[in-house]
Every structure is written in structure tokens, then in C-alpha cells.
Amino acid sequence: MRNYTFHKKTRKFRYYCYQVAHEKWVPSFLKRRYKKQCYALLKNSEVCQRVFQRVNYLNRINTAFKLATRPVIQQEIGAAHRIDLSNLLTIDSPSTYRYDTAFYLSHFPKGMTAYLLPGDIINVPSIHALLKSRPIVADKDPQHAAIMKLDAVRHFQFFQDKQPFSSKKPCVVWRGAAPEYQPHRRQFLKQYFQHPLIDCAQVNHPNDDFHGNYLSIPEQLNYRYVLSIEGNDVATNLKWIMHSNSLCFMVKPKYETWFMEGQL
């Protein structure tokens, strides 16, 4: 448990150090050289095909459009942040979204502008925007959402799982938050809390009927089966479960991120 807490804190510290250094101190010629190295990888036809499969999936905008000057945002989505690529230091957004967005957009021409929708997006936006998550819809449906790898320090954490599947506990485990505004998680706990084959509990509110002991990610990986339940949008634990030797249990996802959950 102590090693996991230390890993979590040092990981965030390294992330912020790297992002601040890239944003303020890395000279532009090094960024241009990095971009040339990325383009050089596309000379490999197999790599190029894989890259464009992902790009075309995450960004389905294939027609010209004019960026709205004063967008009318759907109320349930929230306010969009207009980004001037000539001054990425002024991005008004939560820190991880700000740093991730600035990192990627620093490789684009400075005269461009874009809109960023930070947070958990569960509806297709009415304007063309960059975002972390979107609802999974059919390919033929209109898409204004271009997914980027945002808030990556939280959503894309992986652990080396050296424990073989056969030596793990033959049981399902789940830990997470289960507030009243997430009835699907509440319903699961009502049905399976204290089930002999399912070790599940919420860990946010000590006085809740379904409260249980906290389990770190390495501790959850002692189980053969790990449950993934979507929260406000995607399930944060899905990435590290699929990177482990445990088996992921989940229902068909409704939302997707850079991980392309809609392709599962």
C-alpha cells in the first residue's frame, strides 16, 4: 500500500515537471525536430496504416468547417474554452487538460485556433471541439468531437503485473465511488454487496451502507477478475485492468476515450 501511494505521488510529480519543462523551457527547434521524427515513422507503411486507423476513428470530421466565434454550447456539456495556438500558456482549463492540450497543440501552426471541452463529456457537442471523452455512436452519425489523450496522468496508468492468473484469488473485485447520481453503480452494490464470490464496496463515504476497505490497484490485481463500471463517462480502471493478467468484467461501454473503448 505504501509503495502504491509513493508510486502515485511520484508519477504525478514527474508528469507536472515534464509538462512545465516542455511548455516553458523546451526551445522550438527541439519541438520541430521531434515532429520531424514522428513524420519519419510514417514512412513505414504498417505504422502509417495503424496511425491513420486511430486518427480516422478518433476524429471523424472529414469536411471543411468554420470555427464558431461565439458557440452556443448545450447546457449539459458546459462551457468550451477557445484556444489561441499562438499563446498556449493562456489555456483556461483544469491543469491536466491544460498541459496535455498545450503539449499536443504546440506541434501545430501558431495561427490556428480551437475549442477545448474539458471534463466528462457524455453528449455529442454542437460545435467542433477537442475533448477527452464522447458517447459511442454509429459511424454514420454526425461527429463534432475530436478525441485527444487528455487527463492522461489519471486515465492511463499501468502497473507491471507479474502474478500469473492461476495464482490469483478466484473472485471478482471492485472498488470505487458510488454516489447517488450514479444509480447504475448503486444498483450493482445493492445486488452484490457481501456476495460470496464478489468483493465489492464503495470507498468514498464511510457512513454508506456499502462502504468497504480501500484496495490499491496492486491489491486488486491479486484477484482473477476485476469489474469495470463506467462512472460519469468512461471507467478509469479499464486501461490498467486490460494491461494486467486479470480478466476484465464489464457491460458494453457507452462512452469512449483515446483508448477507443468503442472498438472492444
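Visitor: How many bridges join strand 2 to strand 3, and do the two run parallel or antiparallel?

Guide: This is a predicted model. Two bridges join strand 2, residues 113-117, to strand 3, residues 129-131. The two strands run parallel. Leu117 stands opposite Leu131 in strand 3.

Visitor: What is the strand order of the sheet?

Guide: The order is 1-2-3-5 in an open sheet of four strands. Its pairing is mixed.

Visitor: Which are the edge strands?

Guide: An edge strand pairs on one side only. Here the edges are strand 1 (81-84) and strand 5 (145-147).

Visitor: By how many degrees are neighbouring strands turned against each other?

Guide: On average by 40 degrees, with direction ignored.

Visitor: On to empty space. What shows where it is left?

Guide: Rolling a probe the size of a water molecule over the atoms shows it. In this model, the largest pocket has a volume of about 1600 Å³.

Visitor: Which residues are closest to the centre of the largest pocket?

Guide: Val51, Val55, Tyr104, Phe108 and Met148, out of 36 lining residues.

Visitor: Which elements each supply at least two residues of that lining?

Guide: Three helices do: helix 2 (28-41), helix 3 (45-58) and helix 4 (95-105). Strand 2, strand 3 and strand 5 do as well. Helix 3 gives the most, with seven residues.

Visitor: How does the lining of the largest pocket divide by class?

Guide: Into 27 nonpolar, five polar and four charged residues.

Visitor: What is the volume of the second largest pocket, and which residues are closest to its centre?

Guide: Its volume is about 790 Å³. Arg154, Arg175, Gly176, Ala177 and Thr236 are the closest to the centre, out of 33 lining residues.

Visitor: Which elements give two or more residues to the lining of this second largest pocket?

Guide: Helix 1 (2-24), helix 5 (152-155), strand 6 (169-176) and helix 7 (217-220). Helix 1 gives the most, with four residues. By class, the lining of the second largest pocket has 14 nonpolar, eleven polar and eight charged residues.

Visitor: How many cavities of 30 Å³ or more does the structure hold?

Guide: A probe fits inside a cavity but cannot get out. The structure holds one of 30 Å³ or more. About 30 Å³ of space lies in the largest cavity.

Visitor: Which residues line the largest cavity?

Guide: Ser228, Ile229, Glu230, Ala235, Leu238, Met250, Pro253 and Glu261. They divide into five nonpolar, one polar and two charged.

Conventions. Residues numbered from 1 in each chain as written. Predicted model: local features only at pLDDT ≥ 70, side-chain atom pairs only at ≥ 80, totals over all residues. Heavy atoms only, no water. Pairing = 2+ DSSP bridges. Axes fitted to C-alpha atoms, helices over the stretch in contact; angles between N-to-C directions. 1 Å grid on protein atoms, 1.4 Å probe; cavity = no way out; pocket = protein on both sides within 12 Å on 5 of 7 lines; lining within 4 Å. Points joined across faces, edges and corners; volume = space filled by probe spheres on them. Nonpolar A, V, L, I, M, F, W, Y, C, P; charged D, E, K, R; others polar.
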